[in-house]
Every structure is written in structure tokens, then in C-alpha cells.
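I opened this notebook to record what I looked up in the structure shown below. The entries follow the order in which I consulted it.

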Amino acid sequence: MIIDFFDTSALLANDVPFTPGRNYISHFVLQEIESVKTSANKSDEIKARARKIARFMLANPTAFSCDSYDEDKIEKARKKHHFPDNMDGRILAEATILARKNTVVFWTADINMSLFAREAGLDVRTISAEEKQEEPFAGWNKYYPTEQEFTMLYTDPKMNILGAKINEYCILYQDTEVRDILRWDGEEYQHLNYKPITSAVGQKWKPLNTEQKLLFDMLQNDDILIKLALGNFGSGKTSLMLTHALDMVQKGKMDRIVFVRNNAELRDTTPLGALPGDEWDKISWMLSPVIDHVGQFTFEDMVTQGVIEATHLGFLRGRDFKRTILFCDECENLTVHQVQLLIGRIGKESMLFMAGDLRQTDRPIFDTNSGIRKMIERLKGEKLFSVVKLIKSERSEVCRLADNLD
């Protein structure tokens, strides 16, 4: 019997060559497809493909066959062929077990999987899949614990049963409802601990969605000194971080806020050339979000008092900020070297706030040499660093229509 065995990468490719009566799906692949659907670290396109595959299998239950194998048998086959000790290794092991009594055609879009499968003697067919950058760690993940796991989380919070990274937010679901949100601090799971933020003009700000709750909690955690908020336009990343930064200054926790941005031209716009005026005239434009937030009169008063400062990215080297919030907006337009420069400026009792949208880079170098992607990759799991990705636009109903143009 001929069996077309599809690994996860093959199912997520654009064109899957299904043949009636020959298609086989591993239980391990099904688990990975389910995980991709709810992952915060996968692109929307990949998650959409996973949902499409799940719907197709639900609507066509006879289109695929699927067998259950004893874990010991899977493990024995995995070790025999020296497959990796992970989900990929178990998928390959199942394929070799099937190949003992059948002709297995192993379909994959993953180079490593194809190499392992060929070495094990399987007939391998590759599917071309468009290479795209993986979505960086969002700072949170969705989990679906069993009742027993829920009990363990509350009775023994020092046990990291979810395998969360330090400062990762765990959104716990029961069916389709959010039952709780916990943060792993490296020693135990903590409940969210935030309060409404009071703006510079006396307004009370409260989170409008689940992800904003995470951002409120991160901002108010003084143990986290590098705070990164990602999200598309209107998600609240800049305004919420700015509100909290101003609140910290008003409460005496910090002395000032220093704004810095890379002066990259907006994509598809015509350069204006050298701006006229003195240094302040050339860099004050980056403070426009503050003016929008507090009004011109309050803004001018803050500048006079030295609460608000702006500086050019190129003038940072050699500076040492104390009791200061260094606030970098549009941080997607930074190289690895520039992010290193920003982190290296943070002195005693200071913090680095960064806000950006990785979809809105304005030069190719910020995609190929992305400082933010490298920072997330290298710093996730560090006690002093945290990231929260916001999903939903809350600015207005009109603003949300911009996503329809993607």
C-alpha cells in the first residue's frame, strides 16, 4: 500500500498534493497544527493556514488515515534512527514504523526533515514553501490546562508546569473563555498586579483588552528595566507607555523622560532635506506624541521644568542616564548596533521604554539587521526584560479598517 505521509511543514505549505485514499496524518502533526493555531509567535498567515487545514480535516474525516502507536515503540524507532528528541523526531519515527509494511512517501517543506527522512530510507518529496521571518516572541502565550494542571498552578505555583519563560504571561483558557492570566517570574507564577494609570491631565486609564492588561502589569513592574511594547497602529503601545512614564515622573520615581528616535524617512515619502533651525528645532518633532497626549501648554511647562528632553540617536554615545526613562518610539527602525547603544546608556535607577511595530520598518536594513528581533531573541527569559505584543486596535473603528489593506 502506498501512503502519502505529510509532516506539519507540508500541511502548512500553500499547495498540498492530496491524493484520495493515500493521505496519512500523524497524531503528532495534529498536535502541532493545533499549537500553531493559537501561538502568539506565529504569523497571522501561518495561523490562518493551520485553521484552514483543521477545517478541511473536520469537513473531510475520511480524507486522511491516522493510527495510534505506543510511545515506547515510537521512542525505540526514534533512537534507532538517531532522530532528534522532539516532535519532529517522533513524526519521523512514526513514518519509519509505517514504512515497515507500506510504501511511504514522506512529504515535507522542511530541509532538515527531508535530510533525516532520506537517511532513514524513506521516499522523500519536498514542497516549496515561501521563506518568511518567524514572528518574534510576543511575551505571552495561550494555554489550555486540564483541571488537574489548574489545581497544580494554584496549589504549587513554584512548579513551572507550563514551561514558561521568565516574565512570560500565560493566558489560561477553559474552552473559549479566559479563566486566568499568570506571569512566571522565574520562581513562581504570579497573578496580574496593576492599577489604573492617571494621565498628566488627570484622566484614569484602564486596559481595554486582554493584551493591554499584560502591558499595564509589565509597565507597573519596577523590577523590569527594559520594557518593549509591540503592536500595530492604534493598539495603545505608545500612549500607554507614555502615560505611565509621565506618571512615574509625577510620583517622583523618575526625574525625567528623554525621547530618542532614529530619524529614518517614512517609507515611500520624499525626503525633506536638512531641517532648518538649531538642534531643538531639528529634533523637537519627535515629541509630537507628548503634545497630542498632554496638550501644548502642559508640554511647554514640562520642557521648561526639564521633565521632557529629546536627543538625536547619534548623540547618545558616551551619555549615562540616571533616574531617567529613555523612551524610544518607532523602535522597529533600529539596527542591532543601535539597540545595543540604547541599552548601554541605561544607568542607575533608569529604565528603557521601547514602542514599535515590526510591520512598519522604513528601510530594508531594519528587516535584515533588526535590532528589535535580535533583542527579543537574545533577551527573552531575562529577569530585567519583558515584551508585550498588542493585537487589537483601540483608537477608533476607522483605524481598524487600515488592517484591511494588508
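In which sense do strand β11 and β15 pair, and over how many bridges? I note at the outset that the model is predicted. I found that β11, residues 226-230, pairs with β15 in the parallel sense over 5 bridges. Within this pairing, I recorded Met 354 of β15 as the bridge partner of Leu 228.

I then looked up strand β14, residues 324-328, which runs parallel to β15 and is joined to it by 4 bridges. Here Phe 327 has Phe 353 of β15 as its bridge partner. I followed the chain from β14 through helix α13, residues 336-343, to β15, and noted that this β-α-β crossover is right-handed.

Next I asked how many residues of β15 are buried.

I turned to the largest nonpolar core, which has 40 residues. Among the members that touch the most others I listed Phe 353, Phe 327 and Ile 257. Helix α9, residues 237-250, supplies the largest share of this core, with 7 residues.

For Ile 257, I set aside neighbours within four places in sequence and found contacts that include Ala 245, Leu 246, Val 249, Ile 308 and Phe 327.

Last, I noted a second, separate core of 36 residues, with Phe 6, Leu 12, Phe 83 and Phe 106 among them.

Notes:
Residues numbered from 1 in each chain as written. Predicted model: local features only at pLDDT ≥ 70, side-chain atom pairs only at ≥ 80, totals over all residues. Heavy atoms only, no water. Core = buried A, V, L, I, M, F, W, Y, C linked by side-chain atoms within 4.5 Å. Buried < 20%, exposed > 50% of the residue type's maximum accessible area, 1.4 Å probe, protein only. Helix = DSSP H or I, 4+ residues; strand = E, 2+ residues; numbered from the N terminus. Contact = heavy atoms within 4.5 Å. Pairing = 2+ DSSP bridges. Right-handed = clockwise from strand over helix to strand, strands pointing away.
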